[in-house]
Amino acid sequence: MKSMTGYGQAGIRYGAMAWSAEVRSVNHRFLDVRVNVPRDFAAWEAELRALVQSRASRGRVEVSVALGAEGKRVAVEADVAAARAYAAAWRRLQRATGLPGRVDIGFLQGRPEVFRIVEARPDAGASLPAVRRALERALSAWDRERRREGRVLARDMATRVRRLRRLQRAMARRAEKMPAALAQ
């Protein structure tokens, strides 16, 4: 016996990247799978949904896949055209006003249009096997939790059935005495 409610989590390292997968489910009449992946990896949704559907038959199952912060890489990009435009504007200002000094890198610091920090995106196709393994491990943990909760539910139901049978026997004994009590 398995509960429809469960939670499982797993992570996996793939090169410098660390992927994590979470699976959580609640009771639902039909199978409703929702997959949340980073936007750049939306093409994975159908394959990951199929993997979940192969392991679940009912319930609302939510899957979340994320790239850990340590796996995210950043790069600094320079807009050379913007830097040249700043330098040219500074030189024009110097000529027009007679200001001393020269253009150096410090002049360009703090100009977001010149220097941008961008997040380097991992290769979606190359990362898919690692994500699939992380999801499979999370699904296994989720299934273990559902089985554990199923055992707890089964014990609880068995206790309730025993209690109902005791009540049924007590009611049957009282029912045998009812005709005489009613006649009296």
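Ala 18 sits in strand β2 (residues 17-26). Strands here are DSSP E runs of at least two residues, helices are H or I runs of at least four, and both are numbered from the N terminus. This is a predicted model, where local features need pLDDT of at least 70, side-chain atom pairs count only at pLDDT 80 or more, and totals for chains, interfaces and linings use all residues. Residues are numbered from 1 along each chain as its sequence is written, and side-chain values use heavy atoms, with hydrogens and water left out.

**Strand β2**
- Ala 18 counts as buried because its relative accessibility is 11%.
- Buried means under 20% relative accessible area, exposed means over 50%, and partly exposed lies in between (1.4 Å probe, protein chains only).
- The C-alpha atoms of Ala 18 and Leu 67 are 5.9 Å apart, though 49 residues separate them along the chain.

**Helix α1**
- Helix α1 spans residues 45-53, and its Leu 48, Leu 51 and Val 52 are buried.
- These residues lie on the same side of α1, because they cover an arc of only 100 degrees around the axis.
- The arc is taken from the directions from the helix axis to the C-beta atoms.

**Helix α2**
- Gln 94 belongs to helix α2 (residues 80-97).
- Gln 94 is buried, at a relative accessible area of 14%.
- Beyond its neighbours within four places in sequence, Gln 94 contacts Leu 99, Pro 100, Gly 101 and Arg 102 (contact: heavy atoms within 4.5 Å).

**Confidence**
- Mean pLDDT (the predictor's confidence in each residue, from 0 to 100) is 86 for the protein, and 93% of the residues score at least 70.
- Confidence is highest in strand β3 (residues 31-36), at a mean of 94, and lowest in strand β6 (residues 115-120), at 72.
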